[in-house]
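Subject: Handover of the structure and notes on it

Dear colleague,

I am passing the structure over to you below, together with the notes I made while going through it. Please read the notes with the structure open beside them.

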Amino acid sequence: MAGISSLGIGSGVLTSDLVDQLVAAERKPTELRLDQKTERTEALISAYGMLRSAVTELRLPMRQLGSAEAMKSFSATSSTGNVDVSIDASKASKGSYSVEVVGLAESQALASTEAFADRDATSVGTGTITLQVGDKTTEITIDSSNDTLQGLANAINESGAGVSAGVIDTGDGYRLTLSAEETGTANAVKISATEDAGAEGLARFAFDPADPAGNPSMEQTIAAADAVMKINGVEVTRSTNTIENVVDGLTFNLTETGKSTVKIEQDTAAVAERVQAFVDKFNELQKTIADLSSYDSETGQGSILTGDSTVRNIQSQLRQVLTDVIPGLENANVRSLTDVGLGTDWRTGELQFDSQKFQQQLRENPDDVTALFAEQGRTSDSQVEFVRSGSGTEPGDYSINITQMATRGSLNFAGVADTAGAIDVQAGNSFTFEIDGETTATVSIAEGSYSGSQFAALIQNALSESAALGAAGRSVQVGYDAAEGLTFTSNRFGSNSNVSITGLENVTGLSPATGTAGQDVQGTINGAAAEGDGQVLFLPNSANNDAAGLQVRITGGDVGNRGSVSFIEGVSERAVDTITRILGAEGSLSSRTDSLNRDLERIQEDRIKLEQRIQSYQERLVSQFSAADSLISQLNSTRDYVSQQLAALAPGSGNE
């Protein structure tokens, strides 16, 4: 402050050091109080952060127990190594299967029989090579830029035709090799060529899998083959060595031919490990709570959250969820966690888990144990399946009434007769289908004149082998009936389900046509009008109804009263909901932390006010000290003057 360095000149006492000491003495009590309050507030925020982290860690293992699949686990064993089995626990069931791998799927391989003198210089001819693999046809132009054996191989590799090409040096010249990228007879390669006049030669690479010996210039070194296996004596054929959709929930990966016994057994120990993971996280939470809220009766010292109401509230909410009898299971063999070996240590609050008791209950009462942990819907009609609940679904019994069954979309040609020549298919034919308004698939069949039933069988096989349909998870069922004619039916239900033929090439007896879309199921749930999506009937989450969000699938039966679905909300979902509320913006942890952060803001405001008050106090001291110092200086001057005058008047002063 200006002028403060001149303090004390007059008095020698009222110095700037004295001002600093007085200011520090004035500041210290308030500053100490604010520091202590800041330290405690920050310690509380840190403690609630640790508590929040521990509660958050509990949510994931609890959520992982919240589906019916979590209570299912199966292991597969094979008596030999010729087949590996992967399991979808949501669909699999216990069983034993006799498996014989008769043959493995192979990719077709071809090679030119003619040896070329040079891979990069010898001409192969110009024109167009056409590769047909499955339902995909690719044309490749060979001209002066790639008119060599290596150029041809490169063009094939860059075309994306589903064929890999290479050039090998046999020692006696160079030969072209080709291999299908996919296994199976459906992916056998057909090659045709159109040659430019005067630059012939491409025809030597033509090959027809229906006539392997038809062109001596190309040989089939490996024939395309499908995988063939027998499951309990029933033969199954697929284009790949990965065989799905034969036994529910099982995927067989074939590695070599031979016989094996595959056993699928329930793995209750794996499920118990998932429960143990939850128990471990819960006990970590209890330890965190104990560390933050413990009290030492001998020293009389407590931890930062000792006696804190927020901690007690969290413990109370979780304890209630984990100890209550689950609504809907009051009369079941398993009603609460205690019944499956989960108890509480009254001294520490931690959970104790009896894994053997849990596994026994899971084997003896699988449905009740599943309902105890996961949400479950129990229907009184076997053709009504519980799909899922919504955020607003309350536990309870809800009636189901159906006014319209779901149907599949289909395309019908009623005029097709079951007589020879009803449908004529020429060479180079193609059928382009649009399935469910989303997926397009183009297929072809062998040329010929077919009756309705013959054509239905051939086109069914072609559609079943369609890579486009397989990738999209869609399929079409083709049927022939003397009265109905030829019918193509989508495998899906609902208003988005349909089959259309959008393009035909070299086919007579059929024409492009659009099918009739399917219908969505319609009806009521708990007396409220529900919405339909295919076979799924549901109430929106926004519905003003205890069954809001409930979804059921109607797989068959008739319209009318279809019984009821009893919705049971397991402990996992209840715990996750409770944890979410605790951690939410309106939860106790957020409210307490927000309040503490506001306290820090107020403390900072008090510090600013303190600085303003201290500055004002310092300025006042300096002003007062300056005035007093000036007065003292004047008095000192007056004193000195009087002293001088008195000294001058004194006898013997030399002024006589």
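L131 stands opposite T138 in β6, where strands are DSSP runs of E of at least two residues and helices are runs of H or I of at least four residues, both numbered from the N terminus. The two strands β5 and β6 run antiparallel and are joined by 7 bridges; strands are taken to pair if DSSP finds at least two bridges between them. This is a predicted model, in which local features need pLDDT of at least 70 and side-chain atom pairs count only at pLDDT 80 or more, while totals for chains, interfaces and linings use all residues. Residues are numbered from 1 along each chain as its sequence is written, and side-chain values use heavy atoms, with hydrogens and water left out.

The pair belongs to an open sheet of 3 strands in the order β6-β5-β9, with antiparallel pairing. Its edge strands, each pairing on one side only, are β6 (136–142) and β9 (189–195). On average, neighbouring strands of this sheet are turned by 20° against each other, direction ignored; axes here are lines fitted to C-alpha atoms, for helices over the stretch in contact, and angles run from 0 to 180 degrees between N-to-C directions. Helix α2 (residues 149–159) lies across β5 and β6 and runs at about 145° to β6.

Is T126 buried or exposed? It is buried, because its relative accessible area is 12%, and buried means under 20%, exposed over 50% and partly exposed in between, with a 1.4 Å probe and protein chains only. The side chain of T126 makes a polar contact of 2.9 Å with the side chain of D196; such a contact is a pair of N or O atoms within 3.5 Å, where within protein one must be able to donate a hydrogen and the other to accept it, and where residues adjacent in sequence count only if both atoms are side-chain atoms. Leaving aside residues up to four places away in sequence, T126 touches I142, D143, S144, D147, T194, E195, D196, A199 and L202, contact meaning heavy atoms within 4.5 Å.

A second open sheet of 3 strands has the order β23-β28-β27, again with antiparallel pairing. Here β23 (408–413) and β27 (476–481) are the edge strands, each pairing on one side only, and the twist averages 20° from one strand to the next. Strand β28 (residues 485–493) is joined to β23 by 5 bridges, the two running antiparallel, and T487 in β28 is the bridge partner of N412. Helix α7 (residues 452–464) packs on this sheet, where it touches β27 and β28, and its direction makes about 175° with that of β27.

Strands β11 (residues 227–231) and β12 (residues 234–238) pair in the antiparallel sense over 5 bridges, with M229 opposite V236 in β12. They form a hairpin with 2 residues between them, and N232 in the turn has a positive phi of about 55°.

Another loop residue, Q383, is placed between β20 (376–379) and β21 (384–388), and it counts as partly exposed because its relative accessibility is 33%. The side chain of Q383 reaches the backbone nitrogen of G557 at 3.2 Å, and, residues up to four places away in sequence not counted, Q383 touches R553, I554, T555, G556, G557 and R562.

The largest nonpolar core has 49 residues, of which L51, F278, L342, F358 and F373 touch the most other members; a nonpolar core is a set of buried Ala, Val, Leu, Ile, Met, Phe, Trp, Tyr and Cys residues joined through side-chain atoms within 4.5 Å. The largest share of this core, 9 residues, comes from α3. With residues up to four places away in sequence left out, L342 touches V275, V279, L337, L351, Q352, F353 and F373.

As for the whole protein, its secondary structure comes to 10 helices and 36 strands. Its radius of gyration is 44 Å, well over the 26 Å that the globule rule gives for 656 residues, so the protein is more spread out than a compact globule; the radius is taken over C-alpha atoms, and the rule is 2.2 Å times the number of residues to the power 0.38. Along its principal axes the C-alpha trace spans about 165 × 80 × 50 Å, and 41% of the 656 residues count as buried.

With kind regards
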